[in-house]
Amino acid sequence: MTLREKIEQEIRERGPMPFSRYMEMCLYDPELGYYSRHAEQFGKAGDFYTSSDVHAVFGRLLARQFDEMWRALGSPERIELLELGPGRGLFARDVLDWSENKFPEFFQALHYRLAENSPALRERLQTTLKQAFAAGKASMAEVGPCSGPCILFANEFFDALPVEVVSSKGGLRIVARDGRFEEAWAPASAEELEFVDRYSVHPEDGERVEVPLVAQQYMSQLAANLQRGFLIVIDYGYTRQEQLAGRHRGTVMAYRQHSASANPYQAPGEQDITAHVNFTALAAAAQQNGMQVQPLLTQSQFLMGIGEQNQFADAFEECRLPQERAKVALQLKHLVTPAGMGESFHVLVASKGADQAGTAGLSGLSFGKGRV
Ligand SMILES: C[S@@+](CC[C@H](N)C(=O)[O-])C[C@H]1O[C@@H](n2cnc3c(N)ncnc32)[C@H](O)[C@@H]1O
């Protein structure tokens, strides 16, 4: 049975399908979902690039930041780093390598946990991180509580969680007609309307907004379960303020072979489906569960803050020839500048039980501080 047939069958049995269920089946159906089927989504031959596909410097700069966070927690004997949706594990590999190399004390305390629910990607992680698994430095985990001091890290995780879609006609449902999926509308639920009231805007005729209830649940539970530690969420997204200014209304996109489309109903299971992250809502969920939230940063500000102290030496370490430096400079530029991922990606940093001065002094939060 194809995924399309499977979805059609569920619609026949249960009636019009909420958009979040459609997205969930397309991405995470255990056999046929986009992320479950194989591990070839990333990089040049895949459908999209993430920051870790661009250059190891992304993981290296974050390793630097994790080391500072560990210190702001009083350098505990053991710290867990729980990565949500690690994909192929390139980021984890870069962080582990660089920490071992540059931050040996932090590395000694570090235990890396990987919460990845795609069977194909879990298998890939075993290969990418073979040594770390063998050495007991890394292990598989669920998106769940840490057992002590902990850093939660998520890059492009929240944008891959199923969302509801709401318009002035109500909540989006998918129906099947003559072998095609079509859109229909049902009254929005009380929970959806409450979310829109608090964290989003009421869509005008012809507009849509997303209601990321699954993301809110994840964030609330993660923050509530965290005893002591930090959280870093990196993703493309927006604030309520920006929505009020008329932007980011309807951000569901599909990606296939590096081209974007606004039609998520083509080729179910063969294309990625994402929605931009509502950072106002995520930050509120963290705060309501005892976390201290820092002002939202752009990826550009965050990485500049970490890297500028040593002129991004982490990027250029292996470069011997001027051509190599030039290539790395371009990759760095892509990660940091507005034309690349620097402005569309945002960084949410939050903490619980960490030293105030240590947190305020984190290099990732320092960009622009102390300047005129
Ligand atoms: C867009 S990819 C990002 C991968 C990686 N963080 C990167 O930046 O390259 C999203 C990842 O989240 C994983 N994922 C989605 N929902 C998950 C869940 N509930 N638990 C664990 N992993 C999940 C997907 O399987 C996928 O590997």
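The views below show a predicted model, in which local features need pLDDT of at least 70 and side-chain atom pairs count only at pLDDT 80 or more, while totals for chains, interfaces and linings use all residues. Residues are numbered from 1 along each chain as its sequence is written.

**View 1. The surroundings of the ligand.** The ligand is surrounded by 18 residues, and the closest of them are Y35, T50, G85, G87 and N117. Sorted by class, this shell holds nine nonpolar, seven polar and two charged residues, where Ala, Val, Leu, Ile, Met, Phe, Trp, Tyr, Cys and Pro count as nonpolar, Asp, Glu, Lys and Arg as charged, and the others, Gly among them, as polar.

**View 2. The whole protein chain.** The protein chain has 17 helices and 17 strands, which are DSSP runs numbered from the N terminus (helices: H or I, at least four residues; strands: E, at least two). Its radius of gyration, taken over C-alpha atoms, is 21 Å, close to the 21 Å that the globule rule gives for 372 residues, so the chain is as compact as a globular protein of that length; the globule rule is 2.2 Å times the number of residues to the power 0.38. Along the principal axes, the C-alpha atoms fill a box of roughly 60 × 40 × 40 Å. Of the 372 residues, 46% are buried, a residue being buried if 20 or more other C-beta atoms lie within 10 Å of its own, exposed if 12 or fewer, and partly exposed in between, with C-beta atoms placed from the backbone. Among contacts between residues at least 6 apart in sequence, 76% join residues at least 24 apart, two residues being in contact if their C-beta atoms, placed from the backbone, lie within 7 Å.

**View 3. F19 and its partners from elsewhere in the chain.** F19 belongs to helix 2 (residues 19–28) and is buried, because 24 other C-beta atoms lie within 10 Å. Leaving aside residues up to four places away in sequence, F19 touches E164, V165, L172 and I174. The C-alpha atoms of F19 and V163 are separated by 7.0 Å, although these residues are 144 residues apart along the chain.

View 4. Because 15 of the 16 residues are buried, helix 5 is largely enclosed by the rest of the structure. Just after helix 5, G74 takes a positive phi of about 85°.

View 5. Strand 11 (residues 253–256) pairs in the antiparallel sense with strand 13 (residues 272–274) over three bridges, and Y255 stands opposite D272 in strand 13; strands pair if DSSP finds at least two bridges between them. Strand 11 also runs antiparallel to strand 12 (residues 259–261), to which three bridges join it, with R256 opposite S259. The hairpin of strand 11 and strand 12 has two residues between the strands. Q257, found in this loop, has a positive phi of about 45° although it is not a glycine, and counts as exposed because it has 10 C-beta neighbours inside 10 Å.

Key:
Near = placed C-beta within 6 Å.
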